[in-house]
Amino acid sequence: MDVLDETGLGQVWDKAVAKVAATQTNPTMSGSLSINRKANSTIGRDSVTVGQNCVASGDYSFAEGYSTTAAGLYSHAAGLTSQATGNYSYAGGDSSTASQ
């Protein structure tokens, strides 16, 4: 576990970085982006989460909404509790699943 996470400073740091990036006209970042990512969840390479309690554990995955999970490679989950577990899959809406 990261020392910043153990002390709670990781969240403060994330918020500070997001605030600075939000003030720029064209912010540029590298790596994963977490906006309210589910605590202690696996972070996929270059993944993105936006919403509440979302998980983007697949490499290059994107999870948005509430309690969505994008676990497959290049997967995308959106909406409410949707799960995109298959590689290159998309699940959107309310409790939908895409496994292949």
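I take partly exposed to mean a relative accessible area between the buried limit of 20% and the exposed limit of 50%. I apply that to a predicted model.

**Entry: Y74.** I looked up its accessibility. Y74 has a relative accessible area of 45%, so I log Y74 as partly exposed.

**Entry: aromatic pairs.** I asked how many aromatic pairs there are. The count is two.

I took the pair of Y60 and Y74 next. Their ring centres are 5.0 Å apart and the planes stand at 20°, so I call this pair stacked. Where do the two residues lie? Y60 is in the loop between strand 2 (48–56) and strand 3 (62–66). Y74 is in the loop between strand 4 (69–70) and strand 5 (76–80). The pair therefore ties together parts that are 14 residues apart in sequence. Y60 comes out at 30% relative accessibility, so Y60 is partly exposed.

Then I turned to Y74 and Y88. The ring centres of Y74 and Y88 are 5.7 Å apart, with planes at 10°, so this pair is stacked. Y88 sits in the loop between strand 6 (83–84) and strand 7 (90–94). This pair, too, ties together parts that are 14 residues apart in sequence.

**Entry: Y88.** Is Y88 buried or exposed? I find a relative accessible area of 60% for Y88, so Y88 is exposed.

**Entry: the cluster.** I put the pairs together. Y60, Y74 and Y88 make up one aromatic cluster.

Technical notes
Residues are numbered from 1 along each chain as its sequence is written. This is a predicted model: local features need pLDDT of at least 70, side-chain atom pairs count only at pLDDT 80 or more; totals for chains, interfaces and linings use all residues. Side-chain values use heavy atoms; hydrogens and water are left out. Rings of Phe, Tyr and Trp (its six-membered ring) pair if their centres lie within 6.5 Å; planes under 30 degrees apart count as stacked, over 60 as edge-to-face and the rest as tilted. Helices (H or I, at least four residues) and strands (E, at least two) are DSSP runs, numbered from the N terminus. Buried means under 20% relative accessible area, exposed over 50%, partly exposed in between (1.4 Å probe, protein chains only).
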